[in-house]
Amino acid sequence: MDVSTLPDGFVTVKSRRKQRNQQQLLHGSTSESANKTSSKFLRRAPSQISGLDSPEEFASNIHEIHSSILRARSRILQECGPLFLSQLVMAFQRSFETHLNLPRPEEVVCFALGRFSVPSDWGFSCRLQLILLQDLTACFRVPVRIFDPAFSNLEENYLTSDYCGFSVIPTNEEAKRIATKPTLFYMIHADGFLYDNLITANRLTGNLGNVVLFGNNQKSPETPSRTWPLPFLNIDTVPPQQTEFVHVEAELPVRDRTGLFSVALTADTVLQFFCSTKAPSD
């Protein structure tokens, strides 16, 4: 594993496993996905980042992918406790009720999940994120749309199979999706430009109040710098009637007793709402 140290203690982590003959598989076959692989992310280097998953080969069918998902679920059950995921899902529900007066979003959109079939620590982290996404959507029972330019055809087949039942977005929107209804954007450790694109697209169209972002805390001094100004809603080019929102971060029980989930959900992973300050009659 190659680990390059960056400022503030962050590292870029890349697997060297089969680096030469798996390059196309890891990054896709198009120049777009090679140059803009949104599933790259910055992680704080934990003391025991290696050895999270047992050695495996690349899956050759969706059933082998599902077997690796089930093994990861078993580890969550054993190491985090039988109630960890259900309590996390309940925390999402409480946050929606508190900040949107809704029991759930009307849609879930996931960008930059990452290569969850890759037999590496990074792939294991992506599987943990996928498991939480599966449990959230099983509870919400709403449509799920997902995209990552790095996905292989096999991974897309798994996501659209009966194992998940998701819809793969056919083109790379670069996260410029307009939320015409309350939408949970599941974007853990996404690249900064994706957060920027999502917020800007919805702010300029007056739809920011429909955006619920599960991603990195942009205010934290420990988070790599983004291009949003902070407070990022007060920008001269935005009409005043579209700036009256309050950025709210909901607390979630992302810590588990063994730290297994810390490679997927860090202390900087938060659920973010953009609540209107206008009275309903305005």
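Okay, let's start with Asn-172, which is partly exposed at a relative accessible area of 22%. On that scale, buried means under 20% relative accessible area, exposed means over 50%, and partly exposed is in between, with a 1.4 Å probe and protein chains only. Asn-172 sits in the loop between strand E6 (167-168) and strand E7. Helices (H or I, at least four residues) and strands (E, at least two) are DSSP runs, numbered from the N terminus. Asn-172 and Pro-149 are 23 residues apart in sequence, and their C-alpha atoms are 6.9 Å apart in space.

A quick word on what you're looking at. This is a predicted model, where local features need pLDDT of at least 70 and side-chain atom pairs count only at pLDDT 80 or more, while totals for chains, interfaces and linings use all residues. Residues are numbered from 1 along each chain as its sequence is written, and side-chain values use heavy atoms, with hydrogens and water left out.

Now the overall picture. The chain has seven helices and ten strands, and 51% of its 282 residues are buried. Take the contacts, meaning heavy atoms within 4.5 Å, between residues at least 6 apart in sequence: 75% of them join residues at least 24 apart.

On to strand E4 (107-111). How many of the five residues in E4 are buried? Five of the five, so to speak a mostly covered strand. On one side you have Glu-107, Val-109 and Phe-111, on the other Val-108 and Cys-110, and both faces are covered. E4 has pairing partners, and two strands pair if DSSP finds at least two bridges between them. With E7, residues 183-186, E4 pairs in the parallel sense over four bridges, and Glu-107 has Thr-183 as its bridge partner there. With E5, E4 also pairs in the parallel sense over four bridges; here Val-109 is partnered by Arg-145. Getting from E4 to E5, the chain goes through H5, and this β-α-β crossover is right-handed. That is, with the strands pointing away from the viewer, the path from the first strand over the helix to the second runs clockwise.

Next, the two ends of H5. Ala-112 is in the loop between E4 and helix H5 (121-140). Its phi is near 65°, positive in a residue other than glycine, and Ala-112 is buried at 2% relative accessible area. Arg-141, in the loop between H5 and strand E5 (144-147), also isn't a glycine, and has a positive phi of about 55°. Buried or exposed, this Arg-141? Exposed, at 74% relative accessibility.

Finally, how H5 packs. Axes are lines fitted to C-alpha atoms, for helices over the stretch in contact, and angles run from 0 to 180 degrees between N-to-C directions. Helix H4 (residues 84-100) meets H5 at about 55°, axes 10 Å apart. Those two are therefore oblique, since angles under 35 degrees count as roughly parallel, over 145 as roughly antiparallel, 65 to 115 as roughly perpendicular and the rest as oblique. Among the residues making this contact are Phe-92 and Phe-96 of H4 and Leu-132 and Phe-140 of H5.

Helix H3 (residues 62-80) packs on H5 at about 85°, with axes 10 Å apart, so H3 and H5 are roughly perpendicular. The residues meeting here include Ile-69 and Ile-76 in H3, and Phe-124 and Leu-128 in H5.
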